[in-house]
Amino acid sequence: MPTTDRRGRFHVVCRACRTERVLRCPDEAESFADAHASETGHSIVFDRVE
């Protein structure tokens, strides 16, 4: 099974409001998504972008 490259930029989008960010570190993206979701109860998605 191929490994996922965790370098690059990560696009974070809230499905319930207008919150959106592009971050360079996967840990920052995950931390931001977790914090927003816990503060608001919103559903967040993020993925690596080219």
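Reply: Helices here are DSSP runs of H or I with at least four residues, numbered from the N terminus. By that definition H36 has its place in helix α1, and A29 lies in helix α1 too. The model is a predicted one.

The largest nonpolar core has seven residues, namely F10, V12, C14, L23, A29, A33 and I44. At least two residues of this core come from each of β1 (9–14) and α1 (26–40). The strand β1 gives the most, with three residues.

A29 is one of the core residues. Its relative accessibility is 0%, so A29 counts as buried, the limit being under 20%. Beyond its neighbours within four places in sequence, A29 is in contact with F10, V12, L23 and F46. The C-alpha atoms of A29 and H11 are separated by 7.7 Å, with the two residues 18 apart along the chain.

L23 also belongs to the core. Neighbours within four places in sequence left aside, L23 is in contact with G8, R9, F10, V12, E28, A29 and F32.

H36 is buried because its relative accessible area is 11%, which falls under 20%. With neighbours within four places in sequence excluded, the contacts of H36 are C14, C17, T19, G41, H42 and I44. Among them, C14 and I44 are members of the largest nonpolar core.

Key. Residues are numbered from 1 along each chain as its sequence is written. This is a predicted model: local features need pLDDT of at least 70, side-chain atom pairs count only at pLDDT 80 or more; totals for chains, interfaces and linings use all residues. Side-chain values use heavy atoms; hydrogens and water are left out. A nonpolar core is a set of buried Ala, Val, Leu, Ile, Met, Phe, Trp, Tyr and Cys residues joined through side-chain atoms within 4.5 Å. Buried means under 20% relative accessible area, exposed over 50%, partly exposed in between (1.4 Å probe, protein chains only). Contact means heavy atoms within 4.5 Å.
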